[in-house]
Amino acid sequence: MAAVIGILIMVAVRISKVNTHVCTFHDQYGGLFVDCRGRQLLHVPDDLPRNTTSLDISENQITVVRNMTFQNFSCLKYINLNNNSLITMERDAFFGVYILTTLLLASNTLSHNNSLPEGLFRDLGNLHTLNLENNKMKAYPDLVLAPLTKLHSLYIDPIPDAVFGSGFSKLTNLKVLKMDGGHCSLEKLTNETFQSLNETKLEVLLLNHCHYLTFCETGVLEPLSFLKHLELTNNEIGIQNVLHLLYPLVGRNMTRIWLNNTYKARAHFKEDVDDRILTEYSTRFLTQICVSELSLKGNRICLIETGSLYKSPIRECLEVVDFSTNRLIGDAFFVLFFATFSRLRHLDLSHQHHTYDRVESIWEEAEGRKKGNLTLMLPPKLQYYDATNTFMLSITYDEITFTNTEHLDTLLFGYNQQHALVRIKGLKNVSHVDLSGNKLGNVTKEFFKSFSNARTLSLKQCGLQFANDVMRGRNIFGALKLVEYLDLSLNGLQLFPFILNQNRIIHLNLSQNKFDTIPIVTTTFPRLTLLNMSYNMIGHLDKYTQSDLDSSAERIRLKVIVTGNTFTCGCENLDFILWLIDSPVIYESDRNFPCIQDNGQMTRTVEVVRNYISIHRHCTGIWMFTLTVPCLTAFLTSIVTIYVISKNPTRFKNILMGTLGFGVQYLTRKDFSFTLYIGYCEADIPFVYRKIRPALELCNHPVRLFLKDREVLPGHDIADGIIEGINKSWKTVLVVSHDFLDDPSAWSHFTINAAIYSMNALIPNRILILLVGDIQTQDLPQCLLNMVEENFIIHVDEYPQETALWKHLKLTANLEQ
């Protein structure tokens, strides 16, 4: 009995230790994972569970791993000691971990001479991955690594004398050698560098970011007879020299060859200038390799000779090509070079940094060459094509047609045209389209039919200011039935009149425009999850907009980005500032936006909320004072007026009768409930509510308008409402367009007749006409021409400046002197 109690006590103590241990424990990958990351440990804990299979002890302060540290953890398969302060490891540190497959020792201060004693890895015969990147090695530990006969992946830094010793010949299963993880001090590669790896099965060599590497002997890759994946980027070897290194790979099947940013920074000699040109001679080895993925990105290449790559077998093998960020000279016809690459599915020719664009443009003007239509034939299986900022910075095409687009999914064609692009064809199968930076001009609905199946569309900085014209911008995006991600940023937009397929929009980017509010009703966008309104001109949002956004946030978790707007936080907007801080719809986490107080001083929204009580008291005091003074003045004025009238009742009676009884008295605008009745058809509603109403009713000197859609309540007779509105209005303004005259509902003609019948001698010139669009005076009905003088017929299109139009209208209607 005592023995059983003792066992139970030991189990309880063990469980207590586990529950209070500095590390955490959970099941992962079919075993016990122990997480000791960032615990400021000075050594590996010795009280871990013996069945631990994975141990992460990275980001601590361990300097030494002692002998027998892991002897009690024979189940370990994974050890992560990255980002410690390791200086040395004792010879028997890994004794007993026979099934270990992954050992990570990156970002420490290990050096071969003192840190990794010979025999350290003798028990790690099953190790698959070893990471020694970003340490302080001055020579490669070839004899230390020799026992790792099953090693598959080795990550190690390039060192000044990068020669792999004889011990590496024992790594017969090595397939991945990565040498780009830490600081690279390598200056040259010799034919002896990889000589000891000729017994390995190395397939992947990653040697990147060695900015001091300027020299390679031509036979450096000869020992790597199994190589399939080569990355040799970000150095100063020079593209011609790098291409010459490929001769041992001739006749092989390669998955990837990346030779990015391998140019000589300074071009002093002729051979340095020649390094900017791909010739048939310089690519003679490359074209004899069947490589699937080729990247020559960022090599300052200016010219590619026609026969340099147009050969077998490379023409039949290439699937991915990246020639971006070079300086290729030429026009859009360069893409025809790849049109016959039968397997090409990814082509990136973006961001060619031209230096001769203006010269080329002048030459073309001098020769009188006029660019009209352009046809670009793409490779037959191409899925991704990036030609952003590539060809046509100084050339304008009216129509661009893409062919062989049956498989094309993504087209990035931004920043290629300075002048109006009228038509674009051949993109009906494309899902992702980017036309940013191109000047689209006066495009119509037909323009967007070319990519009517696009799900992602970017029209950033495309000069879409024309969309602020309600009449021209209506239904402009009507052909886009499937768009889910739409970017209209940097277009100077003030209105959002487009009718979209609102049921599909998920992300809408309206940043860096001129909106002063949220221009859409978000509850009508059932899938919208992100609305970017950053860097606009939003000062505050009204209660209706706040409620709309909160409803969308609750229903579909909508988020709105508002950073970059300067809000007003005066007395009238304190409730808005509180909403801005608390609403779940706002994307930014800190909510500390700039805002302007009533006195013009800048502050922050968080500061306003912090001092809300004192600010509210101050605002309330001003409001009470403002209300009390007029009321007191009106009270005293009433008392004085009543007293004076009571003393002279007969005199004031005679004055009143004389005012009412002598001569003919014309009616004035004060005799009517409404100043202007606005007559319009349903098609012209946007013009009335976006143009007329803001100019007349929401201005500094507003007048009251009768708008039948607003004033005639639901259920009331429309005809009675029109007649009543005209009779209660001082004057009538008819908005006449082709839609108004052709109105099938006949309400427009009814409005004309009612306005004519309302004319009488007491209200001179009671009807005014606004002609919208290309309609002319002679198009008006004869009954109107008989009753309305030409001085009271205004052509809207004759006033490019809207302020001049509304000023003329007010003068014509005697609304101002």
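**Labels and their cut-offs**

Reply: Gladly, starting with a side chain: that of N108 comes within 3.1 Å of the backbone oxygen of L105. This is a predicted model, where local features need pLDDT of at least 70, side-chain atom pairs count only at pLDDT 80 or more, and totals for chains, interfaces and linings use all residues. Residues are numbered from 1 along each chain as its sequence is written, and side-chain values use heavy atoms, with hydrogens and water left out.

Me: What makes N108 count as buried?

Reply: Buried means under 20% relative accessible area, exposed over 50% and partly exposed in between (1.4 Å probe, protein chains only). N108 has 4% relative accessibility, so the buried label applies.

Me: Which residues is N108 in contact with, leaving aside its neighbours within four places in sequence?

Reply: Contact means heavy atoms within 4.5 Å. The list for N108 is L81, N82, N83, N84, S85, L86, N134 and N135. A polar atom of the N108 side chain also lies 3.4 Å from the backbone nitrogen of S85.

Me: How do you know that β33 and β34 pair?

Reply: Strands are DSSP runs (E, at least two residues), numbered from the N terminus, and two of them pair if DSSP finds at least two bridges between them. Here 3 bridges join β33 (residues 594-596) to β34, and the two run antiparallel.

How values were computed:
Helices (H or I, at least four residues) and strands (E, at least two) are DSSP runs, numbered from the N terminus. A polar contact is a pair of N or O atoms within 3.5 Å; within protein, one must be able to donate a hydrogen and the other to accept it, and residues adjacent in sequence count only if both atoms are side-chain atoms.
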